[in-house]
Amino acid sequence: MTDTDQERDRNKETAFYKFTQQTLPACKPVLTPAWVITIFLFTGCIFIPVGLVTLRASRSVVEIVDRYDAECVPESFRIDKVSYVQDDSIPKNCSRFLKVHKYMKAPIYIYYQLDNYYQNHRRYVKSRSDQQLLHGRKYHGTSSCQPVEFNNDHAIVPCGLVAWSLFNDTFKFIRERAELKVNRKNIAWKSDRDHKFGKKVYPYNFQNGTLIGGGKLNPRIPLSDQEDLIVWMRISALPSFRKLYGRIEEDLDVDDVVVVHLMNNYNTYSFSGKKKLVLSTSSWLGGKNDFLGLAYVFVGSSSLILALVFMLLHLRYRRPYGDTIYLPWNRKSLSV
Amino acid sequence: MEIDGKRLSLGPSNIILRGCELKNTAWAVGVAVYAGRETKVMLNSSGAPSKRSRLETHMNLEIIILSLFLIALCTVVSVCAAVWLRRHRDELDFLPFYRRKDFSDGEEDDYNYYGWGMEIFFTFLMSVIVFQIMIPISLYISMELVRVGQAYFMIRDTQMYDESSNSRFQCRALNINEDLGQIKYVFSDKTGTLTENKMEFQCASIWGVDYNGGKASSVDGYYVQVDGKVLRPKMKVKTDPELLQFARSGKETKEGSHVYDFFLALAACNTIVPLIIDTSDPTVKLIDYQGESPDEQALVYAAAAYGFMLIERTSGHIVIDIQGERQRFNVLGLHEFDSDRKRMSVILGFPDKSVKLFVKGADTSMFSVIERSLNVNIIRTTEAHLHSYSSSGLRTLVVGMRELSTSEFEVWHSAFETASTALMGRASLLRKVASNIENNLCVLGASGIEDKLQKGVPEAIESLRTAGIKVWVLTGDKQETAISIGYSSKLLTSKMTQFIINSNSKESCRKSLEDAIIMSKKLMTISDTANNAGGTSGAGLTPVALIIDGTSLVYILDSELEETLFQLACNCSVVLCCRVAPLQKAGIVALVKNRTSDMTLAIGDGGANDVSMIQMADVGVGISGQEGRQAVMASDFAMGQFRFLVSLLLVHGHWNYQRMGYMILYNFYRNAVFVLLLFWYVLFTCFTLTTAITEWSSVLYSVIYTSVPTIVVGILDKDLSRRTLLKDPQLYGAGHRQECYNKRLFWITMIDTFWQSAVVFFIPLLAYWGSTIDGSSIGDLWTIAVVILVNLHLAMDVIRWNWITHAAIWGSIIATCICVIIIDALPSLVGYWGHL
């Protein structure tokens, strides 16, 4: 055994001894007033700028939100909107005029927004079959899809409530008589398209039942290319949600008027859900949401205020570090 | 039983218990008694009480509160679900995300819907399943692991390692570690616990002359030469030169003959068996005296040092080497020591055919059988010497003798024969025979044996007292000895007011108790006013000591006086109980344990007399010393020295308590934060118990994501260093005041939990409000957020960071991220499919 080996052994031994005696080298951070004040100051100095930058990013996003579910029902049907939307014989087309109040740089994202729509409802969430979406009709274990599993004793592809209730309003955007080019490709997650929806799985027996829940699918296009379905089937987290419809790949100028020709097919009237159309640009931080910026600024400024308060308290009631005079057993001797 | 035609009777003294070793015999005839279910082990095994730590008892109560909380959460969810279902009852058939009706078979029927009431009921059950993590089952496992870790550190602590006996600290109970941090009463045995149980012969009073080794003492090993071989006693004893000279001078002078008789009595009147052992030097042999009582050992060693060396003992004779000259004495009879007579005697037949009775015993019992008319002066001076011995902390024995006439001996002999072969009531018969012969003795002298205090005992008691622990000493010794040990161990100080209760009737007991209470109250008020004048209260009482003896306790325990005694004892900072029987020790422990909620600790040495006390107390500590191992077997913890108690309680007890208390609260917090996170989300899913966090993460949360740091911190974190804790024993008061775990802390933690879970839920929620975020993405975000939150919370509470803590906390966060990635990346796991 060489010297270094012995030394290493000895080191190991002392390290183990320290471990068993609970005297391992340890760092013992003590929150002295100086540290606390510094930490709060530091937090404040970091959070406020971050918040401001975030807020600026959020404010730079231009967003046009248009609720159309109520106004796209003709006056005469407003009393019974449900029967209007369920009646196939009545044309559902509707025009909306959106005025651009601020320059919007391409790509402009088109979302539809549904409110009061519980996509995260337990019954709804469970009613799908991932294996069927991937493998098609040859997969038979689709009992989870009930009550939309079979129709006329034939399997439904894609089965389940989620697919059945596919959103089917459509939008066309026209500016100064020219149709705006809307890119509807690549709106779903790439991983979903590639791995979770079969490339050779075609819709079958879909939406053939007595109760039509929503959109129909072209039986000649494989599920992996049915991007509207893929987007729809990624369950949203909250009862008020947006889903991507497409992108307008042209800039919109201030005071442009965009005419939206839409087909108001989707029935949210039966449960008083709202439908909105959203046009939004994006920043590096995503869409328009002031919350994060405000939260940062709020936390940052609170820390600054606390730092100031602590600093004043510290200056007013200064005590030496490690002062034990107020310990009960020291207090007694103090008074004697 | 008959052997070689001789009738022998078997009695309790013939029983060899399990674990005993037979020595000094070539053969033995055995009869098995008490086998199978009747063995001591079996009989004791059922009686061993199962102990549960105080903290755990409190914790179980809080877990019930958590269960109620869980039920409340589930009720809230069910009520909300009920209201929602009722308000939307007309829409349920067609609601795209509910679709009550199933049309697939052509006819309409309800799909998975069992009516309003049942739906609510199912919601309730489902919420119980989802929220059950609220009850921290993993906490019990974590606690066990932490206790194992704490026990490991206690065992490995070099400060509690006894070098002299080469024994480590032993943790025999694993579930009361944290109780060590809340001990309020320590009940200590004296002999072998406070003292070393190594008796040392110090001085003797022979025929009214005090031979007190003092300064002039010299330690020189006495030895004899036999056949060119040197025999010497194993232990050397300090000798008094003057006495040594008298002993050597033989029987010629008057003093010499008394000294001769005295040491002959010491060498003969005992049950010691000499063992001759070889040493590395072939010409030197050591004599090792083995026996039941360390006092006897000390006396025989002392006799050997003065030239009266016991060489051989058989049942019929003994051989004593007296100043180099071997003499053989016939042992005609032996009355063993018993606790009623408190003395033993031996009848020796001298080579010159004379028969003498030697008696040795406690002073009280001896003076009653001494012929008072003879040598009044000597008796008086011996008594005075005894008093001075015992007040300097020595254990005293009085030695007496009587010459027996032939007729007297014959009478005794026949009585002894019949008594010792009697089959019924042999013990009492023997006792009667013994007391018939043990009378009219002439006092030879008295011996003083020092029972040496263990190292560090006064300091340890001082520390424990400063820490607010009340130390009660329960001893079988007599009052003077107990008090003197009390002084030398700093248990008693000269500033203390002493109440001494030794009464012989219930009435006088009551009277002295009541007097003492009035007195102590008076003292208390005086000291209180003194304190109030000084601006503080509490703590600074005039110390009061209560000294009570076993006879009084007989009248007090198990009677209505118990309550009075307890009140008095509460006012006293020190309680000394002397002359107590083993069961009375347990009785005193029970007295305190049943009347207060304070934790009690009993510490005793190996003897069986402490077992009942050790089992009765909340925590039993055994000193793994000399007197066998029964107490150690009965104890929860065992250690080598009394002074380790300071390390055990003030350092390890404090740490264990603080760590365990924190860990329990943290575990409550950790699980509740997670449950509340799930709960908040339920409010956004129509109250249908959809969880954004995958089931795998829910399961792994308390297994992988957050479990290791709490265990590591529970084992390793130290709020205060050993040095500080030992320097300021008052810090132990944290345990008495239940500072680390109490109702208030529990509720604060719960409120904190509400706040933190709300923050960790609503910040991501609001940040992604009205966006395209999907359930599984925000679920993963919440998973990681909550894990970072609880680990950071723990990190902020860690006081000492060593590399293990760092690895555990940061490692957990990294492990969580890896786990989430794996869950989302493996197609066989649900997270992969990206829905809820």
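A salt bridge here is a side-chain nitrogen of Lys or Arg within 4 Å of a carboxyl oxygen of Asp or Glu. This is a predicted model, where local features need pLDDT of at least 70, side-chain atom pairs count only at pLDDT 80 or more, and totals for chains, interfaces and linings use all residues. Residues are numbered from 1 along each chain as its sequence is written, chains are lettered from A and ligands numbered from 1 in the order written, and side-chain values use heavy atoms, with hydrogens and water left out.

Q: Is B:Glu178 buried or exposed?
A: Buried means under 20% relative accessible area, exposed over 50%, partly exposed in between (1.4 Å probe, protein chains only). The relative accessible area of B:Glu178 is 0%. Therefore B:Glu178 is buried.

Q: Which residues are linked with B:Arg147 and B:Glu178 in a network of salt bridges?
A: Side chains of opposite charge can pair when their charged atoms come close. Here B:Arg147 and B:Glu178 belong to a network of salt bridges, and its other members are B:Arg52, B:Glu56 and B:Glu144.

Q: How many residues apart in sequence are the parts tied together by B:Glu62 and B:Lys743?
A: The side chains of B:Glu62 and B:Lys743 meet in a salt bridge at 3.5 Å, N to O. B:Glu62 lies in helix 2 (54–87) and B:Lys743 in helix 25 (743–767) of chain B, so the pair ties together parts whose separation in sequence is 681 residues.

Q: Which residue of chain A forms a salt bridge with B:Asp774?
A: Chain A puts 60 residues in contact with 70 of chain B, contact being heavy atoms within 4.5 Å. Across this interface the rule finds 1 salt bridge. At 2.6 Å between closest N and O atoms, the partner of B:Asp774 is A:Arg234.

Q: What share of the area buried between chain A and chain B do carbon and sulfur atoms give?
A: Buried area is the accessible area (1.4 Å probe) that two parts lose on being put together, summed over both. For chain A and chain B this is about 5800 Å². Carbon and sulfur atoms give 60%.

Definitions and conventions: Helices (H or I, at least four residues) and strands (E, at least two) are DSSP runs, numbered from the N terminus.
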